[in-house]
Amino acid sequence: MGRGRAKAKQVKVARRLKYNSGGTDLDRLRGELGVNQNSQDDHDPYDDDSSYEDLASRYADYAEDYDEKKDGTSKS
């Protein structure tokens, strides 16, 4: 029978989280995470072709092995 108080408290906390106006200090959070604001503003991770080329060269051998297994051929 004590479930009513616990549920009411959960509803209260949920409402507070849902309707909170924010108040998050993003600069403080950025400082805690150790992120430099200037480096993040200039860098667009989706516009970096060099990282794709690095990954493609790193995993090229795996792609060849996969293609050979798929085709049923093997290296001699």
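A: A search of the whole structure finds two salt bridges. A salt bridge here is a side-chain nitrogen of Lys or Arg within 4 Å of a carboxyl oxygen of Asp or Glu. First, the ground rules. The model is predicted, so local features need pLDDT of at least 70 and side-chain atom pairs count only at pLDDT 80 or more, while totals for chains, interfaces and linings use all residues. Residues are numbered from 1 along each chain as its sequence is written, and side-chain values use heavy atoms, leaving out hydrogens and water.

Now the pairs. Aspartate 27 forms a salt bridge with arginine 30, and their closest N and O atoms are 3.0 Å apart. Both residues lie in helix 2, three residues apart, about one turn of the helix. Helices are DSSP runs of H or I with at least four residues, strands are runs of E with at least two, and numbering starts from the N terminus. Arginine 28 forms a salt bridge with glutamate 32, with 3.3 Å between the closest N and O atoms. These two are four residues apart in helix 2, so about one helical turn separates arginine 28 from glutamate 32.

How open are the partners? Relative accessible area sets the classes: buried is under 20%, exposed is over 50%, and partly exposed is in between, with a 1.4 Å probe and protein chains only. Aspartate 27 counts as exposed because its relative accessibility is 53%. Arginine 30, at 27%, counts as partly exposed. Arginine 28 and glutamate 32 are both exposed.

Next, the nonpolar side. Leu26, Leu29, Leu33 and Val35 make a nonpolar surface patch of about 360 Å². Patch members have over 30% relative accessible area and no salt bridge; nonpolar side chains (Val, Leu, Ile, Met, Phe, Trp, Tyr) are joined within 5 Å, like charges within 9 Å. Areas come from the Shrake-Rupley method with a 1.4 Å probe, and for residues only the protein chains shown count as cover. Valine 35 sits in the loop between helix 2 (26-33) and helix 3 (37-42). Its relative accessibility is 35%, so valine 35 counts as partly exposed. Glycine 34 follows helix 2, with a positive phi near 75°.

Helix 5 (residues 60-71) has 12 residues and should span 16 Å at 1.5 Å a residue; its end C-alpha atoms are 17 Å apart, which agrees. That expectation is 1.5 Å times one less than the number of residues. None of its 12 residues is buried, so helix 5 lies largely in the open. Glycine 72 follows helix 5, with a positive phi near 90°.

Then the rings. The count comes to one aromatic pair. Tyrosine 59 and tyrosine 62 form it: tilted, 5.8 Å centre to centre, 40° between the planes. Rings of Phe, Tyr and Trp (its six-membered ring) pair if their centres lie within 6.5 Å; planes under 30 degrees apart count as stacked, over 60 as edge-to-face, the rest as tilted. Tyrosine 59 is partly exposed at 44% relative accessibility, and tyrosine 62 is exposed at 57%.

Finally, the whole chain. The protein has five helices and zero strands. Buried residues make up 0% of its 76 residues. It exposes about 7700 Å², and carbon and sulfur atoms supply 48% of that. The average pLDDT (the predictor's confidence in each residue, from 0 to 100) is 77, and 76% of the residues score at least 70.
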